[in-house]
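Dear colleague,

Please find below the structure that I am handing over to you.

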Amino acid sequence: AIRGWITHAIRTKRSQRALHLRGTKHGLKPAQERRITVHTYDYEANLFAVKLLIAAVVSGAGLYQAADEPISLVLSTLVMLYLLASDPLVAIHVFGGDDTRGDLKRPFGAADPFSDDAIERIEAQQDLDAVFQRLK
């Protein structure tokens with residue numbers, strides 16, 4: 001039900017603000033770039049979460065049927081609740097979080113410190129120290 005609510009909120013807002021995605025973190029090749037709207041980015045992220053939910057429910061139910069143990073259903077439910085609570089889309093579209101700064105700023109997630117882009121930018125000790133500070 002929450003995923004349906006998020007989908008409705010994404011379709012209602014239809015934010016046309018542009019995002020610039022680059023690198024393997026977003027499923028692209030290392031030097032590849034992609035321009036996308038916030039609406040499309042949120043819709044794709046929510047669709048991925050729905051697919052993950054379906055996979056968890058089906059695997060939990062399958063394990064329950066095979067082993068006749070309810071622990072698989074309990075664990076899949078707990079994992080999905082944890083993922084739902086830590087999802088930035090829930091914080092933005094359900095609780096009205098500010099999506100322009102902090103952990104809710106798009107694109108979601110931390111940058112890959114071992115990507116080619118990060119390694120090429122390191123030219124001095126200060127740059128290396130800055131990378132280590134981000135990792136802490």
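**Overall arrangement**

Along the sequence, the elements of the chain come in the order α-β-β-α-α-α-α-α. Please bear in mind that this is a predicted model. In total the chain holds 6 helices and 2 strands. Of its 136 residues, 26% are buried.

**Helix H1**

Helix H1 covers residues 2–13. Its 12 residues reach 16 Å from the first C-alpha to the last, close to the 16 Å expected at 1.5 Å a residue. Which residues of H1 are buried? They are Arg 3, Ile 6, Thr 7, Ala 9 and Ile 10. Viewed down the axis of H1, these buried residues fall within an arc of 160°, so they line one face of the helix. The buried residues of H1 pack against H2, H3 and H4. Just after H1, Arg 14 adopts a positive phi of about 45°.

**Helix H3**

Helix H3 runs over residues 71–85 and has 15 residues. From first C-alpha to last it reaches 21 Å, close to the 21 Å expected at 1.5 Å a residue. Ser 72, Ser 76 and Met 80 are the buried residues of H3. Seen down the helix axis, the buried residues of H3 fall within an arc of 65°, so they line one face of the helix. Their packing partner is helix H2, residues 38–67. Tyr 82 and Ala 85, on the other side of H3, are exposed.

Ser 76 deserves a separate look. Why does Ser 76 count as buried? Its relative accessibility is 14%, and buried means under 20%. The side chain of Ser 76 reaches the backbone oxygen of Leu 73 at 3.1 Å. Leaving aside neighbours within four places in sequence, Ser 76 is in contact with Ala 56 and Gly 60.

**The largest nonpolar core**

The largest nonpolar core has 13 residues, of which Ile 6, Leu 19, Leu 21, Ile 36, Tyr 41 and Phe 108 touch the most other members. Helix H1, strand E1 (18–22), helix H2 and helix H4 (88–93) each supply at least two residues of this core. Helix H4 gives the most to the core, with 3 residues.

Tyr 41 lies in helix H2 and, at 11% relative accessibility, counts as buried. Which residues is Tyr 41 in contact with, leaving aside its neighbours within four places in sequence? They are Leu 19, Leu 21, Ile 36, Arg 106, Pro 107 and Phe 108. With Leu 19, the separation in sequence is 22 residues, while the C-alpha atoms of Tyr 41 and Leu 19 are 8.2 Å apart in space.

Yours sincerely

Notes
Residues numbered from 1 in each chain as written. Predicted model: local features only at pLDDT ≥ 70, side-chain atom pairs only at ≥ 80, totals over all residues. Heavy atoms only, no water. Helix = DSSP H or I, 4+ residues; strand = E, 2+ residues; numbered from the N terminus. Expected span 1.5 Å × (residues − 1). Buried < 20%, exposed > 50% of the residue type's maximum accessible area, 1.4 Å probe, protein only. Arc of directions from axis to C-beta. Contact = heavy atoms within 4.5 Å. Core = buried A, V, L, I, M, F, W, Y, C linked by side-chain atoms within 4.5 Å. Polar contact = N/O pair within 3.5 Å; in protein donor to acceptor, adjacent residues only side chain to side chain.
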